[in-house]
Amino acid sequence: MRRAVLLLAVVLLAGCGSASKQSATTTTTAAAPPGPGDVLYAGGDWAVVLDGGHATAFHRVGGAWHADESGAVTIAILGPKGKVAPIPQAAVELRATRPLIESGLWIDGHELVVKGGGLRPERGTIYGAPDAPLAPGKHVAVAYGRTDAHATAVAWTFTV
């Protein structure tokens, strides 16, 4: 009798394990990507999209993407501007009323390795440069910054 109870317990536990594995592999339908345009960044419930020469920060709320047009994060473009060397340094200043927790820079859709800092969590500067020289012509840079609740993305052009 004792073996039967033990065997029944093992069977029940094995069944529970199987059910939890099935639940873990069940997928839900994710929200369609934000857009139109090219998604430069998608991290959790935040994304950056470049559509032509316009960049937008998106926030996923309730399974749907919404453009963040709050202006709660401001981005001042420090460079490059105008005609620049083939390996330009991109730099922006970020400001918000809440602490900044994420930022990024891209040139022609390629993310730059950035460095940065600031004296307060609500204000900082980030900068970076491409790994290789850029071809002569027009290029598009994008900067992104966000707090826990809001984000901004801006795009600008320069020439090599």
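**Salt bridges in the predicted model**

Arg 120 is exposed, with a relative accessible area of 52% (buried means under 20% relative accessible area, exposed over 50%, and partly exposed in between, with a 1.4 Å probe and protein chains only). The side chain of Arg 120 meets that of Glu 122 in a salt bridge, at 3.9 Å from N to O; a salt bridge is defined as a side-chain nitrogen of Lys or Arg within 4 Å of a carboxyl oxygen of Asp or Glu. Glu 122 counts as partly exposed, at 22% relative accessibility.

The structure is a predicted model, in which local features need pLDDT of at least 70 and side-chain atom pairs count only at pLDDT 80 or more, whereas totals for chains, interfaces and linings use all residues. Residues are numbered from 1 along each chain as its sequence is written, and side-chain values use heavy atoms, with hydrogens and water left out.

The structure holds six salt bridges in total. In one of them, Asp 148 pairs with Arg 98, the closest N and O atoms being 2.6 Å apart. This pair links distant parts of the chain, 50 residues apart: Asp 148 lies in the loop between β11 (138-146) and β12 (151-159), and Arg 98 in the loop between β6 (90-96) and β7 (102-107). Strands (E, at least two residues) are DSSP runs, numbered from the N terminus. Asp 148 is partly exposed at 44% relative accessibility, as is Arg 98 at 40%.

Arg 60 and Asp 45 also form a salt bridge through their side chains (3.0 Å, N to O). Arg 60 belongs to strand β3 (residues 54-61), while Asp 45 lies in the loop between β1 (38-43) and β2 (46-51), 15 residues apart. Finally, a network of salt bridges links Glu 93, Arg 95 and Arg 123.

Methods: Helices (H or I, at least four residues) and strands (E, at least two) are DSSP runs, numbered from the N terminus.
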